[in-house]
Amino acid sequence: MPPSFYLSIPPRSAEFSSPVRRAWARFLPSLAALVTAVMAMPGQAQTSVRLYGTVDTAMGWTRVSGAPTQKGLLSGGQSDSLWGLQGRETLGGGSYAAFALEGGIDTAHGAPDDPARPFNYQSWVGLGHPTWGELRLGRQYTVGQAFVSAIEVGSWKDFGLGALLRASDNYQVSRQISWRSPQWAGVQLGASYSFDTADAAAGDTAAVGGTDHKLYSLALRYEDGPWLLAVSWEQASAVSPVGGGGRHPSAAQLGASYNFGVARLAAGWSRQRNGFVGRNGGDGPDDLQAAGLQGLGPIEFIDGGRLDALYLGASIPVGHGELQLQWSQARPNWDWQDSGARAQTSQVLSLGYLHPLSLRTSLYAFVAHGRAYALDTALDASQPKVSRVAFGLNTRF
């Protein structure tokens with residue numbers, strides 16, 4: 001008889017809403033059944049390990065209003081430069097064990113993106129079964145980010161889907177457990193939970209008030225032929241910056257794309273409240289940085305702000321390559337504290353062309369412009385204008 005296994009639901013508290021708690025409770029029995037089924041399988045192993053990666057560098061010219069034009073090499077102009085290892089071992093009865101180790105690379109300087117964390121993109125190990133889905137443990141993407149970001153047309157550096165729909169940006173979460181169901185007639189469910197997303201550099205108890213900064217993510221997607229539909233909900237622990245009230249950062253997302261053959265069209269919507277759940281919005285208030293919670297965005301957003309965003313994209317085959325057009329808009333609902341000025345609606349536009357040289361290598365070029373948009377933080381009281389022109393080479397192995 002296999003050893004017993006159980007998962008417990010955290011005690012009821014005001015930290016998370018009851019709908020999220022009920023949804024998480026429905027997923028836990030599936031996770032427990034998955035682990036129990038794998039434990040019961042005989043050990044007949046077949047192992048495979050794959051080395052893979054992307055090397056992408058561009059020559060770019062970037063102009064931010066009020067500053068001189070910056071020119072130089074961009075690492076990851078069309079997609080992030082990275083390398084990784086993926087492994088899978090069959091355990092019998094269709095079950096398997098798997099892992100992924102993946103780290104970003106700054107090709108312009110020949111260094112890891114994060115020297116203190118070599119596998120800053122992914123470092124997880126998991127178990128899977130055709131009936132019960134896949135369970136992953138470790139640093140990884142949330143299911144909301146993974147499901148909805150699949151609609152993106154062009155991932156141009158700083159000007160893709162995640163420029164304003166930040167819950168679909170390229171971000172990862174530490175100390176996370178996630179589950180992805182099998183596909184049922186094209187439908188797939190996912191749930192993930194992080195015990196503490198605060199940066200390790202700030203200490204394991206680095207959260208405001210001395211508590212862990214948790215993050216829930218629930219997602220659903222439907223994929224069938226030319227259709228791809230996705231919806232997600234994410235919510236983090238309440239944050240209480242100095243001078244503000246405690247509020248839960250959250251993000252709701254909807255995304256859809258359809259491939260007509262002559263073009264693929266995509267559309268997305270997001271409502272982000274009380275800060276960026278992916279903590280990918282720049283440094284933020286000093287007291288939150290000290291607590292390891294940088295990246296939530298400006299204080300006006302964290303303390304009760306709302307950001308509604310829209311995304312439209314189209315990819316059109318042209319010759320041997322592909323023309324990619326994107327537009328996104330985000331409407332904040334606050335006034336900037338220092339100036340009292342109303343926060344403007346942000347807009348980001350891009351036009352790019354991807355020309356394949358082989359199955360693995362391509363040339364690309366793109367032009368992009370943002371209004372009331374900051375490259376690193378998305379939102380900034382200076383509300384700058386930014387433009388970029390870039391030409392680059394992308395190869396995969």
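Arg271, Arg306 and Asp308 are joined in a network of salt bridges, a salt bridge being a side-chain nitrogen of Lys or Arg within 4 Å of a carboxyl oxygen of Asp or Glu. The model is a predicted one, in which local features need pLDDT of at least 70 and side-chain atom pairs count only at pLDDT 80 or more, while totals for chains, interfaces and linings use all residues. Residues are numbered from 1 along each chain as its sequence is written, and side-chain values use heavy atoms, with hydrogens and water left out.

Across the whole structure, the search returns seven salt bridges. One of them pairs aspartate 303 with arginine 247, with the closest N and O atoms 3.4 Å apart. Aspartate 303 sits in the loop between α4 (299-302) and β14, and arginine 247 in the loop between β11 (227-236) and β12 (250-259), so this pair ties together parts that are 56 residues apart in sequence. Aspartate 303 is partly exposed at 26% relative accessibility, and arginine 247 is partly exposed at 37%. Here, buried means under 20% relative accessible area, exposed means over 50%, and partly exposed lies in between (1.4 Å probe, protein chains only). A further salt bridge joins arginine 136 to glutamate 134, where the closest N and O atoms are 2.6 Å apart. Arginine 136 has a relative accessible area of 17% and is therefore buried; glutamate 134, at 12%, also counts as buried.

The protein contains four helices and 18 strands; helices (H or I, at least four residues) and strands (E, at least two) are DSSP runs, numbered from the N terminus. Strand β18 (residues 385-396) pairs with strand β1 (residues 47-64) in the antiparallel sense over 11 bridges, where pairing requires that DSSP finds at least two bridges between two strands. Within this pairing, threonine 57 has leucine 393 of β18 as its bridge partner. Strand β17 (residues 361-371) also pairs with β18 in the antiparallel sense, over 11 bridges, and tyrosine 364 has glycine 392 of β18 as its bridge partner.

Of the 397 residues in the protein, 49% are buried. The protein exposes about 18,000 Å², of which carbon and sulfur atoms supply 58%; accessible areas come from the Shrake-Rupley method with a 1.4 Å probe, and for residues only the protein chains shown count as cover. Among contacts with a separation of 6 or more, 61% are between residues 24 or more positions apart, a contact being heavy atoms within 4.5 Å.

In soluble globular proteins, nonpolar side chains tend to be buried together. The largest nonpolar core has 32 residues, and those with the most contacts inside it are Phe159, Leu307, Tyr311, Trp334, Phe366, Tyr373 and Leu379. Two or more residues of this core are given by each of β14 (306-318), β16 (346-356), β17 and β18. A nonpolar core is a set of buried Ala, Val, Leu, Ile, Met, Phe, Trp, Tyr and Cys residues joined through side-chain atoms within 4.5 Å. Leaving aside neighbours within four places in sequence, the contacts of tyrosine 373 include Asp158, Phe159, Arg166, Gln347, Pro384 and Val386.

The loop between β5 (111-112) and β6 (122-129) holds asparagine 120, which is buried at 8% relative accessibility. The side chain of asparagine 120 reaches the backbone nitrogen of glycine 104 at 2.9 Å. Not counting residues up to four places away in sequence, asparagine 120 touches Glu102, Gly103, Gly104, Asp113, Asp114, Arg139 and Gln172. Arginine 117 is found in the loop between β5 and β6 and is partly exposed at 25% relative accessibility. Arginine 117 forms a salt bridge with aspartate 114, with the closest N and O atoms 3.4 Å apart; aspartate 114 is partly exposed at 21%.

Two residues other than glycine have a positive phi. Alanine 185 has a phi of about 55°; it lies in the loop between β8 (173-180) and β9 (187-194) and is exposed at 75% relative accessibility. Arginine 279 has a phi near 50° and lies in the loop between β13 (264-273) and α3 (286-290), where it counts as buried at 15%.

How values were computed: Polar contact = N/O pair within 3.5 Å; in protein donor to acceptor, adjacent residues only side chain to side chain.
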